[in-house]
Amino acid sequence: MTFQTTAPLPTYLVALAVGAFDIVEWAPIPPNAVRSRPLPLRGIAPKGEGGEFRYALEHTASMLARLEAYFAIPYPYAKLDLVAVAQFRSGGMENAGAIFYRRNRILLGERNSIYQRRGFAYIHAHELAHSWFGNLVTPVWWDDLWLNEAFATWLADRIVHEWRPDEFDNRGPIRSAGCAMWSDRLASARQIRQPINTNHDIWNAFDRITYSKGGGVLAMIERHMGPAAFRAGVRRYIGAHRHGVASAQDFYAALSESAGDPALVPAFRSFLEQPGTPMVDVAWSCRASGAVEVTLRQSRGLPLGSKGDARQTWSIPLCLVYPDQGKRARHCTILAAREATLSLPTTGCPSWVLPNQDGAAYMNFTLPEAGWRAVLANFGDLAPGEALSLVASIGAAHEAGRATTETLLAVARAAAASSHWDVVKAPMQDLRDLKNFIAPPELKPRVKQVMREIYRPALARLDLGDGALAKEADDSAVELLRGDLLWFMALDAEDPGLRAILGRLGRAYLGDGPEGSIDPDVLHPNLVRVALIVAAQEGGVPFAETLIARLARARNSTLRSHLIGVLGFQRDGDVVKRVSDLILDPSLSKRDASDLLRRQSRMSANREVVFNWIVAHYDELLERLPRSHRKWLPWRASAFCSNQDRDRVEAFFAERIGRHSGGPRVLANVLEAIEICAAVVAAQRADAVAALTAHR
């Protein structure tokens, strides 16, 4: 066999696909203003599954053209094959000219969910973006892995928004950065540009810090520079190093030259080369002379119980927003010192000040109690990114002991009334933590009642009739809101009326007994999993056995994913034991076994049972997990929330986890997360009890 000679290529991008495949020939991607030649395009799927490649192939040309326009450089390879792999450890791998995907990420049937389509869009744009960042220009060493992954994460958000602005808003980097802050609050968190000294460091680099925090920091720097100057810097970097290697220093230099701003590189490096999330304390005062002074004081945001160093500082590009004569005004600065005082160019005393316009800066903030109330009174004036930043900040402040539970609940009420699906969703995790950890067991029914009271008005705006639940909403934002609300209200708040509806539809969808036929017309694919979880929670072991029997016969990857997800989201002790036994069943793939264990362990009600089972079956369990998943085993104990349990977890894993690349840092993260949870409960429980008792 003879292969065409390629341009210089890093060896990790060479790949061969061997097997029984359907090869779907697609129309070549036509030339455009950047690329002068047509580009051959194919889909390669496991035998019999080629028909499910249509959706991905139909939308590849449009995404690729937008990437070529961004870089002003043609796609670098002679052809583009998309390869669906039945059992693949990653979601995707950017091999040059033949991108590999886990089968369920790229193959979409005729009837698919909004979550499948969004998942496809993000991962496909991400892997295609690597054709330039990573493939055409490759980092010199692993410590600059972020130049691959953070950039592809940031650019994927941009491309999908340009591709389908009606389905994808421009707040993806804000949401993903918010997720990264959960990991970044740990004293044991790594930095984006982490020195690589051992194999452990390489494996640890593939995490939220590299991808999500890195993408959020790039979005912040682009906002500070302006999109045109940032793009010019990216093009300069790629053009200077194509078919070669480059370092962070090369990227800094290219951006600095385009920006013409000497403060840019120190600001960028302050976020790349140290861990943590800045916390900015904001206070303002209005003088008799009419001057408005705002004091900003920065530190590292650390939760209660943390041993981290709060004295860290960053160079933070931020813009304050505030009302001025009935209009929104802003004032921008780079906060490089620990403390700074600004004079706002305003004609009156603003009723509120928020220090993160559009949520663009990677930071949280605190306000005086009166400041929180003032912003909440004007919540409707905030842009959605600002509302997301506000919710994230109150959660971080509460965990640091610097905000009350009453204020946390007030922010949740304001967010729940928003017209933006992601703002409505934003406080849900704080409320889950309140229920699962902070509130004493006897108050959990009260927390669920408060959850229902906060979100019932939003739920009332949705059509919950059988006909409506069988089809997708006309608007994608409404569909995302419906999915989040039904999940939260049925599974977290346990609304009886909603659970009755979903449980009935879940049983109808699955058919009658283990041999029944699935009725796909009962539920839209977006709602199948939540309905089946409710039905399974009410059906106990008999329903679980029905699901297990269906799983043994299921060949469709989407159905298998649903069944695994449902079985892993159970809290009945007998069902949890039965599912644990299934994890050790060799008829189940290693990836499915790992997925079951991960989902089981996320249920706080299962923490004791799951941990004891891991201890009892550890050696067997290792053989049932993919090698790359073994380092994550300590996270299966992360639902604990006491120092005694923290010590049990350390005693069991300390001598074991070092055998798995990346394991020691994972264990350190888990132990610290448990310590923080215990400290927050000890400090905030009394306040939470008072707020929940008084809540109206």
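# Chat about a predicted model

Me: Let's start with Ser-247: is it buried or exposed?

Reply: Ser-247 has a relative accessibility of 16%, so it counts as buried. Buried means under 20% relative accessible area, exposed means over 50%, and partly exposed is in between, using a 1.4 Å probe and protein chains only.

Me: Before going on, what kind of model is this?

Reply: This is a predicted model, in which local features need pLDDT of at least 70 and side-chain atom pairs count only at pLDDT 80 or more, while totals for chains, interfaces and linings use all residues. Residues are numbered from 1 along each chain as its sequence is written, and side-chain values use heavy atoms, with hydrogens and water left out.

Me: OK, and where does Ser-247 lie?

Reply: Ser-247 is in the loop between β7 (244–246) and α9 (248–259).

Me: Which residues does Ser-247 touch?

Reply: Not counting residues up to four places away in sequence, Ser-247 touches Val-140, Asp-144, Leu-147 and Tyr-237, where contact means heavy atoms within 4.5 Å.

Me: Tyr-237 has a ring, so which residue does it form an aromatic pair with?

Reply: A search of the whole structure finds 33 aromatic pairs, and in one of them Tyr-237 is stacked with Phe-133, at 5.4 Å centre to centre and 20° between the planes. Phe-133 is in the loop between α3 (114–129) and β6 (137–139), whereas Tyr-237 is in helix α8 (residues 227–241), so this pair ties together parts that are 104 residues apart in sequence. Both Phe-133 and Tyr-237 are buried.

Me: What are the cut-offs for pairs like that?

Reply: Rings of Phe, Tyr and Trp (its six-membered ring) pair if their centres lie within 6.5 Å, and planes under 30 degrees apart count as stacked, those over 60 as edge-to-face and the rest as tilted.

Me: And what about the rings of Phe-652 and Phe-653?

Reply: Their centres are 5.0 Å apart and their planes are at 85°, so that pair is edge-to-face. Phe-652 counts as buried at 9% relative accessibility, and Phe-653 counts as buried at 0%.

Me: Switching to helices, at what angle do α19 and α20 cross?

Reply: The axes of helix α19 (residues 496–510) and helix α20 (residues 528–553) cross at roughly 45° and come within 7 Å. Such axes are lines fitted to C-alpha atoms, for helices over the stretch in contact, and the angles run from 0 to 180 degrees between N-to-C directions.

Me: What does that make α19 relative to α20?

Reply: It makes α19 oblique to α20, since angles under 35 degrees count as roughly parallel, over 145 as roughly antiparallel, 65 to 115 as roughly perpendicular and the rest as oblique.

Me: What about α13 and α27?

Reply: Helix α13 (residues 405–416) and helix α27 (residues 663–694) have axes that come within 8 Å and cross at roughly 55°, which makes α13 oblique to α27. Their contact is made by Thr-405, Glu-406 and Leu-409 of α13, together with Gln-684, Asp-687, Ala-688, Ala-691 and Leu-692 of α27.

Me: Last one: how far apart are Leu-218 and Trp-154?

Reply: Their C-alpha atoms are separated by 6.8 Å, although the two residues are 64 residues apart along the chain. Leu-218 lies in helix α7 (residues 208–225), and at 1% relative accessibility it counts as buried.

Definitions and conventions: Helices (H or I, at least four residues) and strands (E, at least two) are DSSP runs, numbered from the N terminus.
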